[in-house]
Amino acid sequence: MANRLQKTLEGANIKLASVATDVLGKSGREILAALVAGETNGVELAQLAQGRLREKIPQLERALAGCIGPHQRFLVAEQLAHVDFLDAAIARVSAEIAERVRPDEDAITRLDTIPGVGRSVAEALVAEIGSDLTRFPNAKHLASWAGLCPGNNESAGKRHSGKTRKGSPWLRACLVQAAHAAARTKGTYLAAQYRRLAARRGRAKAAVAVAHSILIIAYHVLTQGTDYRDLGGNFFDERDRQGVERRLVHRLEGLGYTVSLQLAT
């Protein structure tokens with residue numbers, strides 16, 4: 001719906017999205033409401049900006065100097081009403097979900113400590129795998145059931161495609177979403193794992209691998225009843241410290257440098 005709204009504004013030569021990060025934010029809604037009410041002066045509209053957006057008032061004035069017609073005002077009003085309707089529906093559904101998962105609140109709170117796993121993903125995890133994982137003998141069984149482990153395609157002693165097999169599409173989608181969010185965190189084990197794999201295998205495969213790690217972590221968090229304890233963003237470097245040193249020294253020597261290592265004090 002936000003894209004449709006932006007398209008309508010673009011048709012009126014109003015470039016609000018090029019200046020405001022969120023067209024449907026507080027400042028954006030004030031400006032759009034004024035447009036629907038009939039205000040066309042870009043200078044007056046720009047003065048409705050709030051917070052940090054006021055630093056961009058000169059750019060806003062140029063972006064709002066469009067030519068919006070009656071039919072476009074009507075469309076913007078209808079689209080804003082649709083957005084409000086959807087927000088209200090989401091709020092009602094979220095309230096219903098919160099009520100239904102109340103018995104598993106402790107599990108959701110613990111899952112929320114995993115980087116990339118917010119409240120909504122934690123609720124989805126509990127909905128898909130439950131909070132009692134005793135039916136899975138270990139974390140590997142859970143990953144296999146979810147279809148988030150490498151496939152076993154071997155013939156005549158040769159390994160072929162390691163493509164993951166089919167599992168729950170809803171569970172996979174929310175875990176991959178969490179993996180991408182974890183990849184953007186700073187100083188975490190999951191972010192380091194994503195960068196390490198993305199450099200060699202590509203972003204898509206790295207996201208699936210991190211999703212697998214999140215599911216394994218979720219299994220241990222739920223079965224052990226503890227919060228997540230991060231290993232740190234330098235885990236892989238510290239695990240093979242000497243190997244990292246050798247590789248970096250070798251690269252520098254290849255560039256013609258003489259390297260002498262000394263620990264910082």
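**Exercise 1. The largest core**

Find which residues touch the most other members of the largest nonpolar core, which has 46 residues.

Solution. The model is predicted. Ile114, Leu175 and Ile214 touch the most. Step two: list the contributing elements. Two or more residues each come from α6 (105-111), α7, α8, α9, α10 (189-201) and α11. Step three: pick out the main contributor. That is α11, which gives 13 residues to this core.

**Exercise 2. Around isoleucine 214**

List what isoleucine 214 touches, leaving out residues up to four places away in sequence.

Solution. Take contacts as heavy atoms within 4.5 Å. Isoleucine 214 then touches Ile114, Pro115 and Val117, and also Leu175, Ala178, Ala179 and Leu190. Now look beyond this core. A second, separate core holds 23 residues, including Ala12, Leu35, Leu53 and Leu64.

**Exercise 3. The buried face of α8**

Work out which residues of α8 (residues 139-146) are buried, and where they lie around the helix axis.

Solution. Apply the cut-off: buried means under 20% relative accessible area. Ala139, Leu142, Ala143 and Ala146 are buried in α8. Seen down the axis, these buried residues fall within an arc of 95 degrees, so they line one face of the helix. Next, find their partners. The buried residues of α8 pack against α7 (119-129), α9 (169-183) and α11 (203-224).

**Exercise 4. The ends of α8**

Describe what happens at the start of α8 and just after α8.

Solution. Begin at the start. A side-chain oxygen of asparagine 138 comes to within 3.0 Å of the backbone nitrogen of lysine 140. Then go past the other end. Just after α8, glycine 147 has a positive phi of about 75 degrees.

Notes. Residues are numbered from 1 along each chain as its sequence is written. This is a predicted model: local features need pLDDT of at least 70, side-chain atom pairs count only at pLDDT 80 or more; totals for chains, interfaces and linings use all residues. Side-chain values use heavy atoms; hydrogens and water are left out. Buried means under 20% relative accessible area, exposed over 50%, partly exposed in between (1.4 Å probe, protein chains only). Helices (H or I, at least four residues) and strands (E, at least two) are DSSP runs, numbered from the N terminus. The arc is that of the directions from the helix axis to the C-beta atoms. A polar contact is a pair of N or O atoms within 3.5 Å; within protein, one must be able to donate a hydrogen and the other to accept it, and residues adjacent in sequence count only if both atoms are side-chain atoms. A nonpolar core is a set of buried Ala, Val, Leu, Ile, Met, Phe, Trp, Tyr and Cys residues joined through side-chain atoms within 4.5 Å.
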